[in-house]
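Dear colleague,

Please find below the structure I am handing over to you. My notes on selected residues and on one helix pair follow it.

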Amino acid sequence: MKKTVIYFVGVYDTLDLFTEQLKAAFEGMGYASFVYDARFEQQSKAALLQLLQGADAEMHFEFSCITFNNLGYNLELPDGGNVWERYGIPYIDILMDHPFHYWKPLDRMPSTASVLCTDRNHVKYIRRFFPGIHKAAFLPHAGVELGSHHKPLAERGIDVLYAGALPIYTVAKMIPDLNSIPEVDGQDMAQEVLSELVHHPERTTEEVIEDYLKGQCGDISDQRLREITVQMRFLDSYATSFFREQAVRILVENGIRVTAYGTGWDQCDWSDNPYLTYGGKVMASQILPLMNDAKIVLNTMTWFKSGAHDRIFNGMLAGAAVVTDDSTYLQREFTDGRELVMFSLREMKSLPERVFDLFGHMQSAQQMADLGYQAAKENHTWKNRAEFIEEEILCTY
């Protein structure tokens with residue numbers, strides 16, 4: 001029986017980069033591939049249906065679909081039936097963001113769906129609020145390596161690299177009418193929840209929202225709690241943006257040169273600081289060579305409190321010294337100062353000193369970067385994630 005994985009591409013360049021890595025990993029494990037390109041919708045759909053119909057007749061194919069952020073979840077047959085359900089194909093959906101951003105597709109997942117989350121708290125959220133989903137599991141982010149030769153840190157041209165947008169400038173469309181939540185004062189809720197997240201950044205957004213609502217309303221159903229959390233999810237991006245901006249700002253204001261890519265960095269009231277170099281917005285694949293020329297790759301999480309971000313593993317696989325805010329997952333995987341530097345968002349003031357220490361002890365920084373590279377190469381590539389998917393998901397169907 002020939003095993004074939006179906007992938008979706010052509011929507012987001014970042015997801016295409018991840019898909020390319022997964023595809024190569026599964027092909028190395030003996031799987032065939034079918035790539036559904038959304039830029040050629042009609043041709044891709046016709047080719048896929050032809051393949052499935054022929055395989056159904058010959059019965060010597062075994063299919064699965066592995067995709068990101070719900071791409072293709074509602075793919076339909078000419079008679080309106082769901083492709084994955086009709087052919088009994090496992091649909092494996094890897095979420096790169098919090099599930100509350102995707103409540104509509106998650107409510108309508110095919111019965112064959114498994115959802116993989118990049119944070120353990122997201123798995124709990126799926127299991128609680130989307131009980132109809134076949135399986136939910138934790139799949140950490142992974143890294144991509146560009147080339148096999150990496151320059152020593154001392155020979156690199158970028159002191160500190162931050163690759164990521166400031167969400168506060170792109171989330172306006174997510175903000176609801178705050179007067180539309182009858183149970184509470186929406187303005188007060190927004191202010192109180194955001195203040196709690198800023199002062200206690202180890203907490204999750206959904207946890208703080210639930211505590212606020214129960215404090216104001218007493219008991220509240222899970223269904224209503226989910227609806228309000230979805231409405232207020234913009235606060236997650238606001239908290240992320242606050243600390244992301246603070247991390248870069250505190251470095252440049254202490255005389256550390258930071259090169260930033262992504263939208264928003266030119267809109268801050270301190271953007272004219274001479275220690276900030278703004279490179280604009282670039283494609284995901286263009287970030288990798290920049291990391292290969294960075295002494296330090298700086299990361300702040302997208303409010304992942306029990307997960308990681310691909311910036312961390314991409315930076316490690318680029319041979320850079322990685323500096324990131326911590327999470328319970330990272331604390332279990334690594335040792336602060338050994339494979340990477342971890343700092344607490346509560347102790348942001350210590351960040352410049354940690355970075356200056358790396359520059360002042362370049363040999364030690366190089367040793368840390370080398371250990372980080374080795375750890376990521378062994379355990380945090382898309383090949384590692386493909387092996388997990390095969391063992392824990394595909395083999396259970």
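**Findings**

K295 lies in strand 10 (helices, H or I of at least four residues, and strands, E of at least two, are DSSP runs numbered from the N terminus). The model is predicted: local features need pLDDT of at least 70 and side-chain atom pairs pLDDT 80 or more, while totals for chains, interfaces and linings use all residues. Residues are numbered from 1 along each chain as its sequence is written, and side-chain values use heavy atoms, without hydrogens and water.

K295 counts as buried because its relative accessibility is 11% (buried is under 20% relative accessible area, exposed over 50%, partly exposed in between, with a 1.4 Å probe and protein chains only). Its side chain reaches the backbone oxygen of R156 at 2.6 Å, and a polar contact of 3.2 Å links it to the side chain of D159 (a pair of N or O atoms within 3.5 Å, one able to donate a hydrogen and the other to accept it; residues adjacent in sequence count only if both atoms are side-chain atoms).

S306 sits in the loop between strand 10 (294–299) and helix 11. With 8% relative accessibility, S306 is likewise buried. Beyond four places in sequence, its contacts (heavy atoms within 4.5 Å) include D119, R120, Y329 and R332.

The axes of helix 11 (residues 310–317) and helix 14 (residues 362–379) come within 7 Å and cross at roughly 115° (lines fitted to C-alpha atoms over the stretch in contact, with angles from 0 to 180 degrees between N-to-C directions). F313, M316 and L317 of helix 11 meet G372, Y373, A376 and K377 of helix 14.

Yours sincerely
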